[in-house]
Amino acid sequence: QVQLVESGGGLVQTGGSLRLSCAASGRTFSLYAMSWFRQAPGKEREFVAAISRDGSRTYYGDSVKGRFTISRDNTKTTVYLQMNGLKPEDTAVYYCAAKSVGYQTGLPTTTPSSYPYWGQGTQVTVSS
């Protein structure tokens, strides 16, 4: 089992940057592929980015490609989301999620319902 705590959200102007962090408890962090999702009011939870267990492979949602970067530090049991070029449509609560994956380089699914572990979320607001 893993517990996740996000941080780093806040209010930023259009074009600005934020770096989200997701700290995981437990010594088995390297067994989990990690993802970021987001949910805006009245909308479904949306896949943002994923990273493999060893950090060698990443995958992004179309709306954030070229602007966001996911990374992880297994020694610190933390996953990050660097967000650049923020737009008002990026405003949402951002969640990190963990899913056990058998291969070091395997990427997890983009379907929220398949993730057993979630953080509490951190609010990101981008003003126009």
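Which residues touch the most other members of the largest nonpolar core? I looked that up before anything else.

This is a predicted model: local features need pLDDT of at least 70, side-chain atom pairs count only at pLDDT 80 or more, and totals for chains, interfaces and linings use all residues. Residues are numbered from 1 along each chain as its sequence is written, and side-chain values use heavy atoms, with hydrogens and water left out.

Core. I found M34, W36, L81, M83 and Y94 touching the most other members, in a core of 29 residues. A nonpolar core here is a set of buried Ala, Val, Leu, Ile, Met, Phe, Trp, Tyr and Cys residues joined through side-chain atoms within 4.5 Å. Buried means under 20% relative accessible area with a 1.4 Å probe, protein chains only. I noted strands that each supply at least two residues of this core, including β4 (32–39), β8 (78–83) and β9 (92–100). Another core, of five residues, lies apart from it; F37, F47, A50 and Y115 are among them.

Y94. I listed its contacts (heavy atoms within 4.5 Å), leaving aside neighbours within four places in sequence. Among them are E6, W36, F37, R38, L81, M83 and V124.

Fold. I counted eleven strands and zero helices. Strands are DSSP E runs of at least two residues, helices H or I runs of at least four, numbered from the N terminus.

Whole chain. Buried residues make up 44% of the 128 residues. Of contacts between residues at least 6 apart in sequence, 61% join residues at least 24 apart. I also noted the C-alpha box, roughly 40 × 25 × 25 Å along the principal axes.

Key
Buried < 20%, exposed > 50% of the residue type's maximum accessible area, 1.4 Å probe, protein only.
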